[in-house]
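Take a walk through this model with me, one part after another.

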Amino acid sequence: MKTPPTFRYGRDFEVVQRLRPEPMTEREQAAQHLIEGLEFEIFQHKAGMIALEGKETTMKLGASTAMRWGDVAFGIYTAQGDLAICATGIYHHAVLSQLPMKYIVKHWRDDQSVGLREGDSFFFNDPFYGGVHNADMGLAIPVFADGELICFIGAAVHTGECGGSEPGGMVNGARSRYDEGLLVPPIKIGEHFVLKEDILAMLSNMTRDPRTMILDIKARLAACRIAERRVNEIVSEKGADFYVGALRKVLKITGEAARKKVSRLNDGVYRQPRFLDTTGPEDALLKINLTVIKKGDKIKLCFTGSSPAIPDRPVNSYFQGIIGLAMVYFCGWFFHDLPANNGLLECLEWEFPEDTFVNAKGDMPVSYAPATQVAFAQGMFMCAARMVYSIDPKRAVGSWNSGFAVTPFGGFNQWGDPIADITPEINATGAGARPDMDGVDSAGAFFATMSDCGDIESMEADRPFVYLFRNFFNNSYGHGKFRGGSGVGFGMMVHGVPWVAIGGMGFGTRFPATLGIFGGRAAPTVFVQSVHGSNMGTMMAEGNLDLPCNMGELYGETSNETGTRVLGHVSSPPKPFLGGDTIYVPVSGGAGYGDVLDRDPEFVIADLRRNLVTSDAAERIYKIVYDKSTLRLDAAATEVARSTARDERKRTAKSFDDFNRSWQALRPKPEVLRYYGAYPDPAAVAGGAAL
Amino acid sequence: MGFNVGVDIGGTFTDFCSVGDDGRSTVYKTPTTHYDLSVGFMRGMHELGKRSGLAAREYLAQVHALRYSTTVGTNALIEHSGPKLGLITTAGFEDTIFIGRSRSWADGLPVHEARDMSRIVKPLPLVNPDMVVGIHERIDCKGNVIAPLSRQNVLDKLQQLVDKGAMGFVVSLMWSFLNPEHERMIKQIIEEEYPEDYLGAMPVTLSSEISPKAGEYTRTMTTVVNAYIHSIMAENLNRLGNELRDGGYTRPLILVHNTGGTKKVSRTKAVLTHNAGPVAGMYGSTTVGRLCGYDNIVFTDMGGTSFDIGVIVSGELRAHDFIPVIDRWRTNIPAIEVKSIGAGGGSIAWINELMGNALEVGPQSAGSMPGPACYDKGGNEATVTDADLVLGYLNPDNYLAGEMLLDVELSRQAIETHIAGPLGISVLEAAHRIRRLVDARMGQEVFNEVALKGHDPRKFVVFACGGAGAAHACGYAPYVGARTVVVPAVASVFGAFGASTMQIRQVWDVSRTMKLFRWDKQAYLDDLDGFNKVVHDLKDLAVRDLRLEGFREEQIEFCLQLDMRYGSQYNMTKIETPRLVLQGVEDVHELCELFTRCYSEIYSPEAAFPVGGINVECFYLAASVRQERAEFHKDSLSGADALKALSGSRPACFDPAAGLMDTPVYNWSALMPGNVIHGPVLIEAPETTYVIERGWTYTMDPWRNGILKQNA
């Protein structure tokens, strides 16, 4: 046994660098000759079935919102920790879960006090290894054949409540990682096929919703054990050599296929700066300066010129989380026809400068890292659309909404049970527009493609809310020749309890979260409304018919709802809402594609009929002329209006140099730029401008 | 003599099976007449009569029961030929069915299509968006009215729908399954405004009656689907009923339900007829299983384009927790689950160049048109049927009882061009690999289906049905871990056979939350009356319904199942209860222990969490009418020697290294019960071919079922 190295008491910066497949071991190499074509193809299908069974079991048994309506990353990892097989739509969790596995191999396999044995189980939620934030928790088990470690099986999913200084798993006011709750590097929580009750007691004691914590852990473990049985069956039939070699071969051929596919893209440099408008607790402009360099069979992601790290705000992200989100795009869009595993990372390179908020270090909080990561992912969509257009234009698509609209809450429900979680409408965003059609209205969440937004009755059953509405939110998407898929808006009234704490997480109130593509427009900025001391309950009881039925109606000039109305950023710390108080949350749509003046006027009329576009937008943006009472299109007048609009564009057009001069003369207010770094290039001043 | 008749209409063929009082079966298969299903239906009746030595009228007059697995409703959904419906829902939730829990684009899609995120599309809705209106009213999660219903509001919205041409109304309000008061009030208002005796009367369907279950999207879609197919089905079935009556049939037409039972047309909810054919096949498996002594059965049906899988535990059709998707619509009917995957004789083999020239089979299918290359109908892709033909398993001159001639040369060319050439292997080797790959995938899918329901697949017997089941069972059964395969005597019309034997049975279900064990108080439920009232109400519904079919309460058997969960879990585990009524806290305790025991068996003891609280969320009361089961004709066993049935031999390949070997061919019709044949051999039956691989032994049982056993 090795002497324990001292760095295990801190974080391991070496292991998190190992996102690409580990070199093939001699053992794996020696087994390659056993992997005959047909047997390998049969193995791949079987392994996929095992992962699917594991994923479905985890979701079936879990309790948190992400388990209920979400998605689980269930994977089989090699003995070195590389993800070989997975079933999931949250690819980032599957890919990133290799880091805890590699940590376990590195630190615990040969450690006398921990070790790795059959029947062990490990828990982890430190985002340094999971890559995203504390609310994402995972469990892994080692699998042995005749005493030899042959693989790991793991399940990772957002549990929602992790005992931070605010409920709901995302700590808006976190000033350091110590405000964010549980922070567990891979730790053994079970031996001899039994969970250790003292560890469970500790974990559950550190969160607001102990029951959900335990159910989720048990769900992950039960699924891993079932998958372990299946793996053992393969091994007993085909032998450990075959199994170890086949897992490795999956990685190998996936890597080769990925490189082959990348090499078909045109070489080039693709740039897409991305902006966030919040640090979590306050409005501020931050820049992710994404440059994608495609050369040969490699794609390199560079972030030079991004805003500095902010030591005491939760919007920082570990670099590994950014790479995880890159894999979301690759697995679900560009490499949709390849297996989702670590092999895909063979074609990916990256460069994260020090002291940027996309490369968190030390004790920086990262609760809001998902916002930063999805903001980056949208840049990935935009760069990739340009890369892909030459070989597969139908898949050069606009991005889905990337602003989030998470509503964390915590307290006691109407049955007296403690709760802390998020609302499921995070999974109700609109998809990006395509070259030949609109984006899908309320399609889900791009980073959890197997998730859904559930039924409201399921939500109300054990959450202390009554929904006032959940309908499409008109104009919530990017306009264009093809528009982004519509988002939704929902209103809730606190019901059945004296109070509950409600907050918000996301971005896109001050600066659009989701930009258009190829001339398409951005999804507009959105804000959350809340009414404290609302009379909504009384109006409902009295049978008032003039109540809002969708988000758009809240923008009218009058409302019968009285109380203290607050219009706020989608990102806000949790605060108490008393029984009867209301909150209205927008969930945005996808990016627009192409010029709005090229949109088929009949499509606009169809959207008017469905209340998916306002008459104002139809007239001012799409230049549609129609009869407002019958919604009948005046095609000739529309053509004239559009022609006039095009002429106006030409008349007001500037040369690029003129535009650039006038643009460069503009500058946001200093308070907006206080975390930005030097303007316009954050990297121009060493160390940035963090306060 | 009387007959029990089953009819199963499929996409390509309509199958008939008639079981006489003497226990003998008569079967018939005819192409489905899509332009008018009743044409094929009546043709089948005439043919069954003829084969029974009776004139059609005489035969129909002697039919005890005619049970029908209809696809009329499913076709209406696919063709979008339903009526223009108006949907009345709670104001603020008008977009619920279009939001579709946001992932409705994936419902009913195969996995590979659902992964191509750039191209996803939601299905065309069954209700136009402008035909949805919201009524201001609200009920909360405890059933309390927190916003009253306004009659005027209802009238105003109703007028909007009528003005737009509504031909029927669906009413689905929030929490109506718990408190249906508002839905009933709306129905009353509609009926007052449009009384039945006026031409303007339109059907009103309430979600609280069709599907009193939690979850507004699935409840609404269940109700919408039901209303959408109701009138088309009613019209079609009435017409068919009239034709049958004119033809001499005197009993009511009975429909097969996807819940595993049958009901008269007049007592059937339309939505319960979807996918009833495979469920009838599963039921047939229980019948044959009882004869052969098998009760843990996995039913498989391999046809031209799909492979159906159904799991039968302890000889019973059981509802499992799953999401029934009808066409592209998520519903919550208490159906028996039948999984369908894209694998069949028409599945196309292809080379995945990106993945290092990996061989793939499916999910694309050549279907029946153009079909496999050997059909010579324009298809030039290499399919599983082409592989079977090249391997010598199929007789090109006797396919589908000689109705179709196959061209083996076209199969060879297709496999050479698309598979063998690119891989640099022989055509025989390529055909062998295609077959093995599709068999492995089917077997692995079967394994997963059984395992996901918490059972050990190795303890199950595989029933192989459908046109290609007997040809592939020895190939896929090992991947299930099964060493015994049963090929029923009437495997090619097994859905019709199953239908002919089905019993009267229906499931009444309702969502109700009962906290059997409370986490906060760590105490058992003391409100036993609440629990018992739910059961009593369901039982009352069942008894009243079955009385209308002419049955007495004493004839009815009840079985109560509960959807249960720990604490705040979302998904349920279904438990069959030992008793209908809870007498005391010890019964609650027993129920909780039963749940934890079942849960532990399915998911491992580590997963159980009884202290986290135990809830009941949904009640299912199945009511069956005790009826005498059919007796089937049983031959006495003759000797093992099958030589008399040996019809010849032909070259077939069971090992590409050995090439084509002369293989004995037996005539199934000439085989006698008790005959035993050791593989490798081929057995030609009228509508299928048995491929008995090396290491397998075929035995014909007294009912002419084939029992295939893998040698130890």
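Chain A is split by the domain assignment into domain 1 (46-238), domain 2 (262-396 + 654-691) and domain 3 (398-602); such bounds come from an automatic or database domain assignment. Before going on, note that this is a predicted model, in which local features need pLDDT of at least 70 and side-chain atom pairs count only at pLDDT 80 or more, while totals for chains, interfaces and linings use all residues. Residues are numbered from 1 along each chain as its sequence is written, and chains are lettered from A and ligands numbered from 1 in the order in which they are written.

Now look at how domain 1 of chain A meets domain 3 of chain A. Their C-alpha centres are 31 Å apart, and 21 residues of domain 1 of chain A are in contact with 26 residues of domain 3 of chain A (contact means that C-beta atoms, placed from the backbone, lie within 7 Å). On the domain 1 side, helix H3 (residues 65-69) of chain A gives the most, with three residues. Helices (H or I, at least four residues) and strands (E, at least two) are DSSP runs, numbered from the N terminus. That side of domain 1 of chain A divides into four nonpolar, eleven polar and six charged residues; Ala, Val, Leu, Ile, Met, Phe, Trp, Tyr, Cys and Pro count as nonpolar, Asp, Glu, Lys and Arg as charged, and the others, Gly among them, as polar.

Next, find the open sheet of four strands in chain A, ordered S13-S12-S16-S19 with antiparallel pairing (two strands pair if DSSP finds at least two bridges between them). Strand S13 (418-422) and strand S19 (572-578) of chain A are the edges, each pairing on one side only. Strand S12 (residues 408-412) of chain A is joined to S13(A) by five bridges, and Phe412(A) has Pro418(A) as its bridge partner in S13(A).

Over to chain B, whose secondary structure comes to 17 helices and 33 strands. Its C-alpha trace spans about 80 × 60 × 55 Å along the principal axes.

Finally, where do the chains touch? The contact takes 66 residues from chain B and 81 residues from chain A. Elements giving two or more residues to the chain B side include helix H4 (96-99), helix H9 (216-246) and helix H13 (427-452) of chain B. H13(B) provides the largest share of that side, nine residues. The chain B side as a whole divides into 31 nonpolar, 18 polar and 17 charged residues.

Note on methods. Two residues are in contact if their C-beta atoms, placed from the backbone, lie within 7 Å.
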